[in-house]
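Trainee: Could you show me how to read helix packing and pockets from a set of coordinates? I would like the general idea before the case.

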Amino acid sequence: MGEAMVFALALEIGAALLVIWLTWRAGNGSLPRNGLAGIRTPTTMSSDAAWRIAHRAALRPTIIAGAATVLWCSVSIGLAPLRNPVSVLVSAVVLVGGALLSVAVAHRAVRRASPEG
């Protein structure tokens with residue numbers, strides 16, 4: 001079971017790094033609006049400007065959640081007692097929670113930047 005938990009935790013690390021990288025790319029304009037990756041809501045998909053504004057704003061909470069996920073998973077891999085399903089669940093909750101917070105932050109930033117307020 002330990003090897004399976006190490007694999008699952010390593011996957012979580014990969015997911016966290018991928019989410020950070022995609023958010024960074026979308027925020028700097030190198031990942032255009034698309035239907036596959038990024039924060040894809042009617043608000044963020046409404047224009048190229050909204051897409052970039054949203055992802056720039058979402059980058060900070062995304063980095064914090066991603067870094068916390070990477071740190072937790074790394075510690076869990078290193079300490080045998082933490083190589084268990086609960087550690088995998090905790091890392092998933094942190095990453096998904098960060099994503100949900102990022103969406104809220106992104107929407108707030110787009111609304112603030114919008115001329116209609």
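Trainee: At what angle do the axes of α1 and α3 cross?

Mentor: This is a predicted model. Angles under 35 degrees count as roughly parallel. Here the axes of α1 and α3 cross at roughly 10 degrees and come within 9 Å, which means α1 is roughly parallel to α3.

Trainee: Which residues in α1 meet α3?

Mentor: Contact means heavy atoms within 4.5 Å. From α1, Met 5, Ala 8, Leu 9, Glu 12, Ala 15 and Ala 16 meet Pro 85, Ser 87, Val 88, Ser 91, Ala 92 and Leu 95 of α3. The residues of this contact comprise 9 nonpolar, 2 polar and 1 charged.

Trainee: How many helices and strands does the protein chain have?

Mentor: There are 3 helices and 0 strands, in the order α-α-α from the N terminus. The C-alpha trace spans about 55 × 20 × 20 Å along its principal axes. Of the 117 residues, 35% are buried.

Trainee: How much space lies in the largest pocket?

Mentor: A pocket is an open set of grid points, unlike a cavity, where the probe cannot get out. The largest pocket holds about 240 Å³ of space. Its lining has 17 residues, with Val 19, Thr 23, Gly 38, Ile 39 and Ala 99 nearest its centre.

Trainee: Which helices supply at least two residues of that lining?

Mentor: α1 (2-28), α2 (48-78) and α3 (85-113) each do. By type, the lining of the largest pocket divides into 9 nonpolar, 7 polar and 1 charged.

Note on methods:
Residues are numbered from 1 along each chain as its sequence is written. This is a predicted model: local features need pLDDT of at least 70, side-chain atom pairs count only at pLDDT 80 or more; totals for chains, interfaces and linings use all residues. Side-chain values use heavy atoms; hydrogens and water are left out. On a 1 Å grid over the protein atoms alone, a cavity is a set of points where a 1.4 Å probe fits but cannot get out, and a pocket is an open set with protein on both sides within 12 Å along at least five of seven lines; lining residues have an atom within 4 Å of a point. Grid points are joined across faces, edges and corners, and a volume is the space filled by probe spheres set on the points. Helices (H or I, at least four residues) and strands (E, at least two) are DSSP runs, numbered from the N terminus. Ala, Val, Leu, Ile, Met, Phe, Trp, Tyr, Cys and Pro count as nonpolar, Asp, Glu, Lys and Arg as charged, and the others, Gly among them, as polar. Axes are lines fitted to C-alpha atoms, for helices over the stretch in contact, and angles run from 0 to 180 degrees between N-to-C directions. Angles under 35 degrees count as roughly parallel, over 145 as roughly antiparallel, 65 to 115 as roughly perpendicular and the rest as oblique. Buried means under 20% relative accessible area, exposed over 50%, partly exposed in between (1.4 Å probe, protein chains only).
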